[in-house]
Amino acid sequence: TPLLSSDTSNAKSLDSKDTLAVKTKERNIARFGVSPAGIGAITTENLSRRKEEIENARFQLEDDKLYAISKEDSIIISAREAVIRAAEVELQNALTLIETQKSEIQYKKRELYILSGLLVLLTGFLVALFIFYRDKKRTNLLLETKNRNILDSITYAKRIQQSVLIDEEEIKKELPDFFIYNQPKDIVSGDFCWFSNLDNKLIVAVVDCTGHGVPGAFMSLIANTLLHEIINEKRITDPAIILSSVHQAITGTLHQEKDNNKSYDGMDMALCVIDKGGKKLQYAGAINPLYIVQNNTVKTIKADMYSIGGRKPRRASADDVRKFTNHTIPIRNGMSFYMFSDGYVDQFGEVTRKKFNTERFRQLLLDIQAFD
């Protein structure tokens, strides 16, 4: 273009005043410019100033192009334009870097917020866990204290029950071959053995009261007292009459004759009266039978199929007088008599989870008979 031409004819046509202006402009062209500062030197604070410098340099460059007349001027302008372009590229890179840094800062802030939130949640969870652990520990301590108090009370109740009921050694004095196997499910039990020696007759009863643990133990004390009154005080030795008398006493004591009464407690019982002089045994039972083992066989003496006390049978009379049946058995050598509650036959196997049942129980009696 004419502005970048080195043709001397145009230069000669200028008057002295124009030549002076061009020379002055040449000095300005040579003097004014902008140089790259490096991306690291451009910060967010000086970004606007740097952008303004580059814009001013670009404006000055465009203005100086109008006064360029020589080849030297064109070289200087080209060099300045290259520097300005480099500065603009540098500025654009700095802007990109700053935006990238801002994005990274925002990302790190989000990460920090998320981590802070998780830390707050974790702290809250740990606080809640600590409170739960503290409350649970306190609750367990209270439960342990209560359980210990209850256990101490039941253990003391067991001592009372054992002191009231007949001791096994007292029975063995009259029946040397006698034994009791009693393993209560709980500390105290409603199953017990009763014994009396009256008028040369030995009265032995196995009683199974309703309920387990403390309720059964309460019933056992009631049954023990009633048997003592009926047999030892009233001197009744007929097994069937004893069972009927106990039934009447239970229904009266627990007020079971009333229609609105909610007590259905009672007991099952097997009772034998052994006549030492006559060599015979009389048996009467409420639900619980008598087993006689002799000559490798088990004979069952069936009981009457209603309990003592408890619910009335469907076809019972208004006064519900329950009459029990006496069975007389001559006592011979080699005989063994067994009375029992349902606790043994109702035991579940640890592996099979099936009941021991009556058949296995009868076989057990035959097996232990072989050792006699």
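1. Strands S5 and S6 (residues 297–301) run antiparallel to each other and are paired through five bridges. Strands here are DSSP E runs of at least two residues, helices are H or I runs of at least four, and both are numbered from the N terminus; two strands pair if DSSP finds at least two bridges between them. Leucine 290, for one, has isoleucine 301 of S6 as its bridge partner.

2. Before going on: this is a predicted model, where local features need pLDDT of at least 70 and side-chain atom pairs pLDDT 80 or more, while totals for chains, interfaces and linings use all residues. Residues are numbered from 1 along each chain as its sequence is written, and side-chain values use heavy atoms, without hydrogens and water.

3. What sits between S5 and S6? Two residues, making the pair a hairpin. Asparagine 295, in the turn, has a positive phi of about 55 degrees.

4. S5 also pairs with S9 (residues 336–338), antiparallel and over three bridges.

5. Put together, you get an open, antiparallel sheet of three strands in the order S6-S5-S9. S6 and S9 are the edges, each with a single partner strand, so one side of each has no neighbour in the sheet.

6. Is S5 (residues 290–294) mostly buried or exposed? Four of its five residues are buried, so the rest of the structure largely encloses this strand. Buried means under 20% relative accessible area, exposed over 50%, and partly exposed in between (1.4 Å probe, protein chains only).
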